[in-house]
Amino acid sequence: MTSSLDELETALNAVTARLLALSEENAHLRTALVAQTDRMRAAGHKLRVVAERLPQPIADVAADAAPEEKAA
């Protein structure tokens with residue numbers, strides 16, 4: 001019976017060690033995810049700024065002007 005208890009204790013120790021390793025890996029992955037999310041958010045903001053600076057196509061400018069002419 002002592003042998004079974006020793007085996008159980010060994011198995012529990014192995015599981016505990018594996019859970020600790022997985023917990024550390026999870027923390028590392030969460031940190032990496034936060035960093036990647038921040039980078040993606042910053043890149044999206046930069047893209048919006050660039051898109052706002054692009055000239056509008058002629059058709060869009062004409063369509064935007066048409067309602068103003070009708071209102072006048």
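**Helix H1 and the surface of a predicted model**

Visitor: In which helix do Arg41 and Asp38 both lie?
Guide: Arg41 and Asp38 are three residues apart, about one turn of the helix. The model is predicted: local features need pLDDT of at least 70, side-chain atom pairs count only at pLDDT 80 or more, and totals for chains, interfaces and linings use all residues. Residues are numbered from 1 along each chain as its sequence is written, and side-chain values use heavy atoms, leaving out hydrogens and water.

Visitor: What is the N to O distance between the side chains of Arg41 and Asp38?
Guide: A salt bridge requires a side-chain nitrogen of Lys or Arg within 4 Å of a carboxyl oxygen of Asp or Glu. The side chains of Arg41 and Asp38 meet in such a bridge, with an N to O distance of 3.5 Å.

Visitor: Is Arg41 buried or exposed?
Guide: Buried means under 20% relative accessible area, exposed over 50%, and partly exposed in between (1.4 Å probe, protein chains only). Asp38, at 42%, is partly exposed. Because the relative accessible area of Arg41 is 55%, Arg41 is exposed.

Visitor: What percentage of the 72 residues in the protein is buried?
Guide: Leu8 is found in helix H1 and, with a relative accessible area of 47%, is partly exposed. For the protein, the buried share of the 72 residues is 1%.

Key:
Helix = DSSP H or I, 4+ residues; strand = E, 2+ residues; numbered from the N terminus.
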